[in-house]
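Reader: I am new to reading protein models, and I would like to understand how the words used for one follow from its values. Could we go through some of them together?

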Amino acid sequence: MDEKVLEAQKWVNETYGGVPGYQRCAEDGRTGWNTMWSLTMGLQHELGISPVVANFGPSTLAAVQALGEIGFGWNKNSNIVRIIQHALFCKGYWGANGYGEYGAVTTEAVKKIRRDMGLPDGGSGTSGGQVTAKIFKALLTMDAYILLGGGREKVVEIQRWLNGTYWTRENYFIGPCDGHFSRDVQQALMKALQYEMGVPDPNGNFGPGTKEALRRHPQSVGSTGPVTRLFHAACIFNEPVPGTSGVAFRDEYTSETEYFIKKFQAFSAIPETGTGDFTTWAQLLVSTGDPDRPVNSCDTRFTITPSRARALYQAGYRAVGRYLDEHPEGTLDKEIKPGELQTIFEAGLRCFPIWQYNARQLEDFTYSSGYQHGLKAHERGEHYGFNQGTVIYFAVDYDATDPEITSNIVPYFLGVQGALKSRGSKYLPGVYGSRNVCSRVSSEAFVSSAFVSGMSWGFSGNLGFPLPLNWAFNQIKEFQFHNGDDVFDLDRVAHRPGADFGVDSVNRNTTPVDEFLEYLNQVYDLAVEYDSSRASKLTLEWLRYPKYNDFQWRNIFEPVDEGFINKCRNAGLKTAPNYNYQDPSFGVEVHVDHLCATANAYLLKGAGNRAGITLGDLGGWCGDLITFYGEWVRDEAENKDGYKYAMERLAKTNVTTTFMLRDLIEDMDGHHIGMAVRDGKNVVTEFENLLNGNGHLSRVDRFFTERYGTMTDANNAAIACLTGAPANPVDAAKYAGARKILVEQQSGRWIDPITITPDDLEAFCRGYADTLNALRGMESRRRSALNEE
């Protein structure tokens with residue numbers, strides 16, 4: 001609780017409580033929208049505006065402008081000065097030693113916030129620090145003007161530059177400088193572009209005039225000036241982009257910009273020109289991108305007849321989204337019809353199934369409804385014969401806000417996960433919704449594939465959010481498709497190459513892991529021929545080769561048997577990355593070489609018990625946690641809260657880190673396989689039980705129980721991973737040396753975990769333990785459901 005904020009709340013309620021229309025704010029000492037609204041209504045009363053409303057709109061702005069600049073010595077209305085001072089306190093600035101007089105303390109506070117906004121402070125001594133109408137409006141928002149947790153310094157630099165460059169323009173209003181890309185920042189960027197390109201009456205919308213202006217301002221190597229600088233701002237707002245470290249905020253289009261843009265274009269599934277053409281501008285600025293660009297996917301509620309299927313194929317489409325079912329009260333007749341899937345496949349099209357029962361308001365989403373929908377979707381999927389591993393996209397067909405995603409949407413998808421896992425994870429959940437919905441559901445409900453409702457460009461969940469890293473489909477335009485006299489509604493959908501692309505058949509008896517298991521058997525048979533007494537160990541060596549056979553790995557563990565490696569080469573075997581497979585529980589791509597390197601490490605060095613650690617752990621979860629720690633200390637200036645950092649980034653599907661969900665799966669499965677082989681079991685049998693049996697359905701609980709046992713031990717083991725060492729002195733020296741190298745590789749310097757404040761380090765490590773526990777919770781809900789059934 002902040003005493004100065006509490007004082008502001010009490011004063012504004014006491015002073016204006018009797019004003020018609022006034023809304024009292026909570027007297028809790030916490031700055032919130034209700035406090036700022038109350039101060040705004042107090043200001044309106046002082047200006048003679050009636051009725052007062054919780055909105056600093058045009059009439060309020062005009063009335064404040066009529067007052068002129070408010071600065072040192074201004075004494076026309078002491079309550080207006082006091083509202084400024086209270087607003088400053090609410091924003092964290094020391095606004096005054098006493099209230100009602102605009103003195104030196106208030107002047108200095110305003111100077112400070114003006115500089116934080118990116119504005120000139122207005123002068124020196126008592127001649128600066130004036131409050132203009134636009135600054136007054138900014139004071140009465142919840143916007144912050146300093147870097148907030150999770151924000152980025154590069155974004156703060158852009159936000160301040162935008163404010164400082166355009167704040168005097170008529171239609172531009174001062175925006176936040178908190179390091180976060182948001183709807184307001186997106187609007188500020190659009191207005192800035194409109195000013196620079198000469199678009200009449202800038203309004204922040206992506207309308208016809210703006211589109212035409214962007215076509216006249218392509219960007220390429222050698223381009224310079226304000227528009228080029230704004231192009232770089234748009235690039236930064238769309239980071240991270242896989243395969244790049246980002247771009248600088250500059251006014252020259254360099255070869256580094258070209259490299260970034262090619263990566264961005266590849267990630268966005270638009271032509272890789274390396275230039276800022278209109279399609280690239282549009283993709284950077286709005287969720288639809290260029291809605292008329294060529295795409296190869298679509299979705300519709302209408303039945304795909306043979307004639308429609310042929311017409312869609314001829315129009316360039318290769319995949320179509322169709323609905324598994326319709327709500328019993330529905331009247332759209334949108335579910336897949338008998339024989340329709342075969343019609344789709346025979347025309348050369350694929351199909352990605354969609355689930356939507358209403359899904360248009362908050363009340364449609366609860367854990368219970370998600371569980372029931374998951375069960376029903378599984379039943380309908382089997383009814384149509386969809387193959388194991390098919391992704392079903394569950395729809396969130398409205399603009400869910402952040403609080404609603406927390407309270408209802410994520411629990412709904414946890415329910416879906418629980419239901420599908422209770423049926424053996426034959427089908428995998430995907431999410432359809434805004435960019436924010438897709439990103440948060442992917443992170444917090446461990447969903448591997450996203451179908452973005454990009455054509456809803458006005459959704460708050462699309463404005464100010466980049467494409468999620470795990471997007472598979474992006475719906476960009478609804479239109480009427482003409483097939484002769486047959487006209488029906490169709491949505492144009494972009495597809496990201498390499499991501500889920502639906503299915504091209506049904507009723508297939510194979511699984512996504514069959515090819516890997518066949519390959520595994522081939523390697524094992526060669527190992528038996530070479531040396532049957534070491535067949536499982538040799539199999540793991542080939543499967544980790546060549547990536548996990550460098551000098552560092554050989555020094556810590558041991559080199560591969562070169563004779564067996566040559567035998568595999570001579571047999572024409574490809575290396576393991578050619579057989580990466582889709583995990584049967586989570587749908588992420590499992591990297592076989594990393595999994596088997598982890599298993600090999602545990603086979604050679606064993607696993608720690610409870611809070612103890614070994615070199616075997618270094619080859620698995622410890623190595624990944626150390627590199628993730630390196631990322632945290634690299635980002636610490638922008639992400640001081642280690643627990644929050646871990647919970648938002650560790651073991652996710654849509655956040656690029658060195659410890660993603662697939663890494664954790666590989667660590668857990670590697671622990672199981674390696675320790676089983678160490679106990680004399682057969683590597684092929686263990687993999688088959690894991691992937692084709694039920695092993696993957698209980699992997700998290702098994703790993704947690706066998707490796708740690710309790711949450712306390714899991715947390716302490718993570719701390720030991722970062723600060724401790726194995727008991728054996730030789731192993732301890734190897735471990736410490738490897739830890740230092742891994743941290744330096746990620747952070748650029750050695751930050752010894754021992755130097756981190758113990759409470760901060762414990763909180764970071766608790767994020768690892770709680771992430772494991774969240775995944776265990778999904779499994780336990782599945783087991784509970786099975787017991788109830």
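This is a predicted model: local features need pLDDT of at least 70, side-chain atom pairs count only at pLDDT 80 or more; totals for chains, interfaces and linings use all residues.

Reader: What makes α8 largely enclosed by the rest of the structure?

Author: A residue is called buried when its relative accessible area is under 20%, and 11 of the 15 residues of α8 are buried, so the helix is largely enclosed. Among these buried residues are Val-185, Leu-189, Lys-191 and Tyr-195.

Reader: How do you know what span to expect of α8 from its first C-alpha to its last?

Author: The expected span is 1.5 Å times one less than the number of residues; for α8, with 15 residues, the expected value is 21 Å, and the helix reaches 21 Å.

Reader: Why is Gln-356 called buried?

Author: Gln-356 has a relative accessible area of 5%, and the term buried applies under 20%, so Gln-356 is buried. Its place is in the loop between β3 (350–355) and α15 (367–384).

Reader: What makes the pair of side chains of Gln-356 and Asp-397 a polar contact?

Author: Such a contact needs a pair of N or O atoms within 3.5 Å, one able to donate a hydrogen and the other to accept it, and the side chains of Gln-356 and Asp-397 are joined at 3.2 Å. The side chain of Gln-356 also reaches the backbone oxygen of Asn-358, at 2.9 Å.

Definitions and conventions. Residues are numbered from 1 along each chain as its sequence is written. Side-chain values use heavy atoms; hydrogens and water are left out. Helices (H or I, at least four residues) and strands (E, at least two) are DSSP runs, numbered from the N terminus. Buried means under 20% relative accessible area, exposed over 50%, partly exposed in between (1.4 Å probe, protein chains only).
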